Structures are given as structure tokens and as C-alpha cells.
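This report covers a protein and the DNA around it, going from the strands to the core, a loop residue and the DNA surfaces. Please look over the sequence and the model before reading on.

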Amino acid sequence: MNYWLVKSEPDVYGWDHLVKEKEGTWDGVRNHQARNNLKAMKKGDLVLFYHSQSTKDVVGVAEVSKEFFQDPTTDDPAWVSVKLKPYKKFTEPVTLAAIKANVKIKELVMLRNGRLSVMPVSKPEFNEIVKMSKTKL
DNA sequence: GCCAACGTTGGC
DNA sequence: GCCAACGTTGGC
């Protein structure tokens, strides 16, 4: 079981969209590093769902429901998508400021490479963020 | 709205 | 193959 974090602009495709659709296709990724991470995702992996730009917080956990396949938004076989479904909404969103303030997770990839949209999260980091959200998974 | 970080593009 | 210019992302 691996853990991940995906970033999304809530205006474009936020947590609420995912909940409404029940299952969302994570397409349009055009970054090699992010693509490699998508390919490494396994069904059942848990994914922190981060809202960028407006609220800047992790709002919940999604689950990988389908492993990578050809990105439907392009014919270029270089790009892939996965499918995600909502797993659990956080009781309290975990803000970027709170993450930055927590020394236990200062190695989080997001803090080092702010522009990556799909990134791995270690198990301790995942657990710590869930703990900060006061959510029981 | 500004700026930093990073990826991509194109000239050489 | 290097590097400057440019575009995009995302935090502030």
C-alpha cells in the first residue's frame, strides 16, 4: 500500500466534484514526474486530496479505483490517467500553513517542489496529516 | 498582482 | 548539448 498526494484547483475539479461524480478520472497530467507517479499507483492506494490556490488545504482522502490507462484527453501514449473515488472527507481540513508548521512532515515533497501535481507521501507523513485532520479513517 | 521555481522551447 | 527566453503554476 502506497500513499500519495494530488493537487487540484477546486474551481476546476475539487473534492466536491469527485463526491458528486462518485469516481473521477485524473487526466490532463502533462508532467513526467507526475506521470511516473500516476503509473506507480495501485488500486486501493490512498491519496491525500489537496486544494491549491484558493483554500490551500488537504480536504480529504481519495482511493485509487482504477490503475493507470491511456489519458482520454490525448492520443499521445506518453500520458496516462488513473481513476479516484472519495474515501473519506476530513473532519477538519489540514492547511498548508499547518503542514509547514509541523516539523514531523517538513520533508513532504510538496514543500520542496511546489509545482508537482502528483507526488508520493510516506506512511508516517500520511498518518500525521490524517491525525492533524482529526479524522478517523 | 507579484515573484520564485521549474519545465519547455529554440537558437547556436 | 548548452543555455537563454519564455510560459505556467502556485504561494503570498
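Which residue in β3 does Val-6 stand opposite? Val-6 stands opposite Phe-49 in β3. This is a predicted model, in which local features need pLDDT of at least 70 and side-chain atom pairs count only at pLDDT 80 or more, while totals for chains, interfaces and linings use all residues. Residues are numbered from 1 along each chain as its sequence is written, chains are lettered from A and ligands numbered from 1 in the order in which they are written, and side-chain values use heavy atoms, with hydrogens and water left out.

**Strands**

Helices (H or I, at least four residues) and strands (E, at least two) are DSSP runs, numbered from the N terminus. Two strands pair if DSSP finds at least two bridges between them. β1 and β3 run parallel and are joined by six bridges. On β4 (residues 57-70), β3 (residues 46-51) is held in the antiparallel sense, again by six bridges. In the hairpin of β3 and β4, which has five residues between the strands, Gln-53 takes a positive phi near 70°.

β4 is also joined to β5, by 10 bridges, and the two run antiparallel. In this pairing Val-58 has Val-94 as its bridge partner, and Lys-66 stands opposite Lys-83 in β5. Strand β2 (residues 24-26) pairs with β5 (residues 80-95) in the antiparallel sense over three bridges. Here Thr-25 stands opposite Lys-83.

**Burial and core**

Buried means under 20% relative accessible area, exposed over 50%, and partly exposed in between (1.4 Å probe, protein chains only). Six of the six residues of β3 are buried, so β3 is largely enclosed by the rest of the structure. In a regular strand the side chains alternate between the two faces of the sheet. Both faces of β3 are covered, with Leu-46, Leu-48 and Tyr-50 on one side and Val-47, Phe-49 and His-51 on the other. β4 is mostly covered, with 10 of its 14 residues buried.

A nonpolar core is a set of buried Ala, Val, Leu, Ile, Met, Phe, Trp, Tyr and Cys residues joined through side-chain atoms within 4.5 Å. The largest one has 41 residues, and Trp-26, Leu-48, Val-58, Leu-84 and Ile-129 touch the most other members. Contact means heavy atoms within 4.5 Å. Leaving aside neighbours within four places in sequence, Leu-48 is in contact with residues including Trp-4, Val-6, Val-58, Phe-90, Phe-126 and Ile-129.

Helix α6 (residues 123-132) has Glu-125, Phe-126, Glu-128, Ile-129, Val-130 and Met-132 as its buried residues. These pack against β1 (3-8), β3, β4, β5, α4 and β6 (118-121). Lys-134, which follows α6, has a positive phi near 60°.

**A buried loop residue**

Asn-102 lies in the loop between α4 (96-101) and α5 (109-112). Why does Asn-102 count as buried? Asn-102 counts as buried because its relative accessibility is 13%. Leaving aside neighbours within four places in sequence, Asn-102 is in contact with Glu-128 and Met-132. A polar atom of the Asn-102 side chain lies 2.9 Å from the backbone nitrogen of Lys-104.

**DNA surfaces**

A residue is near a molecule or strand if one of its heavy atoms lies within 4 Å of it. For classes, Ala, Val, Leu, Ile, Met, Phe, Trp, Tyr, Cys and Pro count as nonpolar, Asp, Glu, Lys and Arg as charged, and the others, Gly among them, as polar.

Around DNA strand C stand Lys-7, Glu-9, Tyr-50, Gln-53, Lys-56, Leu-96, Lys-100, Gly-114 and Arg-115. By class these are two nonpolar, two polar and five charged residues. Of the atoms of DNA strand C within 4 Å of the protein, 80% belong to sugar or phosphate and the rest to bases.

DNA strand B is surrounded by Asn-31, His-32, Gln-33, Arg-112, Asn-113 and Arg-115. This surface has no nonpolar, four polar and two charged residues. For DNA strand B, 50% of the atoms within 4 Å of the protein belong to sugar or phosphate, and the rest to bases.

| Protein atom | DNA atom | Distance |
|---|---|---|
| Gln-53, polar backbone atom | DNA strand C, phosphate oxygen | 3.0 Å |
| Lys-100, polar side-chain atom | DNA strand C, phosphate oxygen | 2.5 Å |
| Arg-115, polar side-chain atom | DNA strand C, base oxygen | 2.9 Å |
| Arg-115, polar side-chain atom | DNA strand B, base oxygen | 2.3 Å |

Methods
A polar contact is a pair of N or O atoms within 3.5 Å; within protein, one must be able to donate a hydrogen and the other to accept it, and residues adjacent in sequence count only if both atoms are side-chain atoms.
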